[in-house]
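Please read it alongside the sequence and the structure displayed below.

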Amino acid sequence: EKIGMTPANAGHEAVFVTTPTSAASPIMPTVNTVSATFGQFGKLDPEQNEKNVPMVRIRLKTDRNSAIVEKITIDHAVAAGGLDTDATLVKIWGDVNGNATFDVEDSSAGVNGDYPGLLSYGNESFSTGTVIIILKKPIVVSTAATNIFVTLDVSEFALENSRQGISVAGV
């Protein structure tokens with residue numbers, strides 16, 4: 001706060017004998033809880049060699065302040081003869097247009113040929129049923145919900161009628 005001397009044009013100056021200090025106030029950390037709710041919107045019958053097959057929407061939110069998500073662990077659930085190699089890539093996308101639906105705008109290339117909605121590197125795949133995805137664009141999560149999407153690229157050699165699924169093991 002500024003100290004005022006009067007009269008204003010008298011040329012008075014404030015000279016402090018000691019440096020003014022405020023009371024010491026420690027900055028305490030807050031513990032944020034990130035909650036994740038899942039919305040399944042996977043395609044019931046993806047085809048061989050199909051790209052960006054939506055599997056799940058994850059809605060992230062904190063109870064206070066903000067948090068940063070840097071990696072996500074995903075487990076591969078297979079049945080009816082399915083293999084890890086049936087899903088060639090696992091990708092994480094942001095909700096570019098904010099409509100809580102994975103659509104063409106979220107997965108489209110930008111003017112520079114990059115994919116603005118792609119939060120992962122786009123080259124991750126399952127190994128022994130799990131993939132840990134380090135995000136190239138960390139997700140800033142706040143008290144307002146943030147939607148992200150997990151997609152799979154299906155191999156052209158995937159066994160017909162096999163079953164593919166995922167579970168999010170850790171955020």
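Helices (H or I, at least four residues) and strands (E, at least two) are DSSP runs, numbered from the N terminus. The model is a predicted one, in which local features need pLDDT of at least 70 and side-chain atom pairs count only at pLDDT 80 or more, while totals for chains, interfaces and linings use all residues. Residues are numbered from 1 along each chain as its sequence is written, and side-chain values use heavy atoms, with hydrogens and water left out.

**Nonpolar core**

- A nonpolar core is a set of buried Ala, Val, Leu, Ile, Met, Phe, Trp, Tyr and Cys residues joined through side-chain atoms within 4.5 Å; buried means under 20% relative accessible area, exposed over 50%, and partly exposed in between (1.4 Å probe, protein chains only).
- The largest nonpolar core has 24 residues, of which Ile74 and Ile92 touch the most other members.
- Two or more residues of this core come from each of strand 2 (53-62), strand 3 (67-79), strand 4 (87-94), strand 5 and strand 6 (146-154).
- With neighbours within four places in sequence left aside, the contacts (heavy atoms within 4.5 Å) of isoleucine 92 include Ile72, Ile74, Leu118, Ser120, Ile133, Ile148 and Phe149.

**Aromatic pairs**

- Rings of Phe, Tyr and Trp (its six-membered ring) pair if their centres lie within 6.5 Å; planes under 30 degrees apart count as stacked, over 60 as edge-to-face and the rest as tilted.
- The structure holds three aromatic pairs.
- The pair of tryptophan 93 and phenylalanine 102 is tilted because the ring planes stand at 55°, with the centres 5.8 Å apart.
- Tryptophan 93 is buried at 2% relative accessibility, and phenylalanine 102 is also buried, at 14% relative accessible area.
- Tryptophan 93 also forms an edge-to-face pair with tyrosine 115, with 6.3 Å from centre to centre and 80° between the planes.
- This second pair links distant parts of the chain, 22 residues apart: tryptophan 93 is in strand 4, and tyrosine 115 is in the loop between helix 1 (104-107) and strand 5.
- Tyrosine 115 is partly exposed, its relative accessible area being 36%.
- Ring pairs join Trp93, Phe102, Tyr115 and Phe149 into a cluster.

**Salt bridge**

- Side chains of opposite charge can pair when their charged atoms come close.
- A salt bridge is counted where a side-chain nitrogen of Lys or Arg lies within 4 Å of a carboxyl oxygen of Asp or Glu, and by this rule the count comes to one.
- Lysine 91 and aspartate 153 form a salt bridge, their closest N and O atoms being 3.1 Å apart.
- The two partners lie 62 residues apart and link distant parts of the chain, with lysine 91 in strand 4 and aspartate 153 in strand 6.
- Lysine 91 counts as buried at 11% relative accessibility, and aspartate 153 is buried at 3% relative accessible area.

**Loop residues**

- Serine 120 is located in the loop between helix 1 and strand 5 and is buried, with a relative accessible area of 0%.
- Not counting residues up to four places away in sequence, serine 120 touches Val90, Lys91, Ile92, Ile133, Leu135 and Lys136.
- The C-alpha atoms of serine 120 and methionine 5 are separated by 60 Å, the two residues being 115 residues apart along the chain.
- Threonine 143 sits in the loop between strand 5 and strand 6 and counts as partly exposed, at 43% relative accessibility.
- From C-alpha to C-alpha, threonine 143 and aspartate 63 are 5.9 Å apart in space, although 80 residues apart in sequence.
- Beyond neighbours within four places in sequence, threonine 143 is in contact with Lys61, Thr62, Asp63, Arg64 and Asn65.

**Positive phi values**

- Alanine 80, in the loop between strand 3 and strand 4, has a phi near 55°, a positive value in a residue other than glycine.
- Alanine 100, in the loop between strand 4 and helix 1, has a positive phi of about 60° although it is not a glycine.
- Alanine 100 is buried, with a relative accessible area of 18%.
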